[in-house]
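Okay, everyone, thanks for coming. Have a look at this one with me, and we'll walk through a few spots together.

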Amino acid sequence: MKKATKKEILEIQKQFVQRYSDAVSELQYKNAYELVIAVALSAQCTDKRVNIITPALFEKYPTVQDLAKAELEDVKKFLNSCSFFNNKAKNIVAMAQRVTQVYDGEIPMNEKDLQTLAGVGQKTAHVVMIEYMGANLMAVDTHVFRVAHRLGLSDDKTAKATEATLVKKFKTDLHVLHQAMVLFGRYICTAKNPKCDECFLTEFCKSKASFKV
Ligand code: SF4
């Protein structure tokens with residue numbers, strides 16, 4: 001597949017930033033505790049599903065201290081419509097326990113400490129920091145990966161390598177670009193039947209022939 005030129009990369013960046021400058025995650029949360037839990041639950045699960053699950057979970061466990069004291073089997077009941085709910089339940093309870101014991105009940109908002117929490121890897125840490133503090137970081141989920149490849153921004157085989165490539169190519173506004181590529185991929189450049197007739201980036205698309213635009 002053809003690669004985007006430097007000029008094209010700049011124009012794609014400009015278009016995304018202009019159109020999505022106010023974009024935020026579709027996950028619903030009220031504070032850092034709820035955000036970390038919502039992002040952790042959203043792995044391999046849709047934001048829509050997570051938003052159905054979390055209100056009852058946060059009503060039962062309104063603070064990180066409440067969740068730290070929870071019975072694992074009770075937590076599983078709230079999560080059972082989510083993929084990998086057994087592991088996710090274990091992880092969020094362990095995460096709450098560590099936040100209570102080590103971080104005085106405050107979610108540590110830096111990449112290194114976030115990644116010491118159960119179930120939080122680099123991608124989750126980045127998504128949390130992008131959303132909560134507008135950090136200049138990239139995170140590559142299935143939507144960002146697909147969009148990056150269709151626009152010729154990356155030909156990398158893994159999400160991690162794609163992230164590194166996008167950081168190198170875009171450099172700035174990464175938090176907006178992340179949110180933009182997620183929403184663009186979710187609603188316009190969808191995996192099946194992308195809405196190429198509504199797309200504002202057709203002139204840069206390297207895949208459009210396959211979608212008969
Ligand atoms: S033209 Fe279609 S395939 Fe290409 S970026 Fe736009 S929506 Fe995606």
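Let me start with a question: is F200 buried or exposed? F200 is buried, with a relative accessible area of 15%; buried here means under 20%, exposed over 50%, and partly exposed in between, using a 1.4 Å probe and protein chains only.

Quick housekeeping. This is a predicted model, so local features need pLDDT of at least 70 and side-chain atom pairs count only at pLDDT 80 or more, while totals for chains, interfaces and linings use all residues. Residues are numbered from 1 along each chain as its sequence is written, and side-chain values use heavy atoms, with hydrogens and water left out.

Now, the helices. Helices are DSSP runs of H or I with at least four residues, strands are runs of E with at least two, and both are numbered from the N terminus. Helix 1, residues 6-20, packs on helix 11, residues 174-187, at about 85°, with the axes 9 Å apart. Axes are lines fitted to C-alpha atoms, for helices over the stretch in contact, and angles run from 0 to 180 degrees between N-to-C directions. That makes the two helices roughly perpendicular, a label for 65 to 115 degrees; under 35 is roughly parallel, over 145 roughly antiparallel, and the rest oblique.

Who makes the contact, meaning heavy atoms within 4.5 Å? From helix 1 we have Q13, F16, V17 and Y20, and from helix 11, V176, L177, A180, M181, L183 and F184.

Now follow F16, which is buried with a relative accessible area of 0%. Rings of Phe, Tyr and Trp (its six-membered ring) pair if their centres lie within 6.5 Å; planes under 30 degrees apart are stacked, over 60 edge-to-face, and the rest tilted. By that rule there are seven aromatic pairs. F16 and F184 have ring centres 5.4 Å apart and planes at 75°, so they are edge-to-face. Because F16 sits in helix 1 and F184 in helix 11, that pair ties together parts 168 residues apart in sequence.

F16 also pairs with F200: centres 6.1 Å apart, planes at 90°, so edge-to-face. That one reaches from helix 1 to the segment after helix 11, 184 residues apart.

One more residue on helix 1: Q15. Q15 counts as buried at 14% relative accessibility, and leaving aside neighbours within four places in sequence, Q15 is in contact with F200 and L201.

Methods. Contact means heavy atoms within 4.5 Å.
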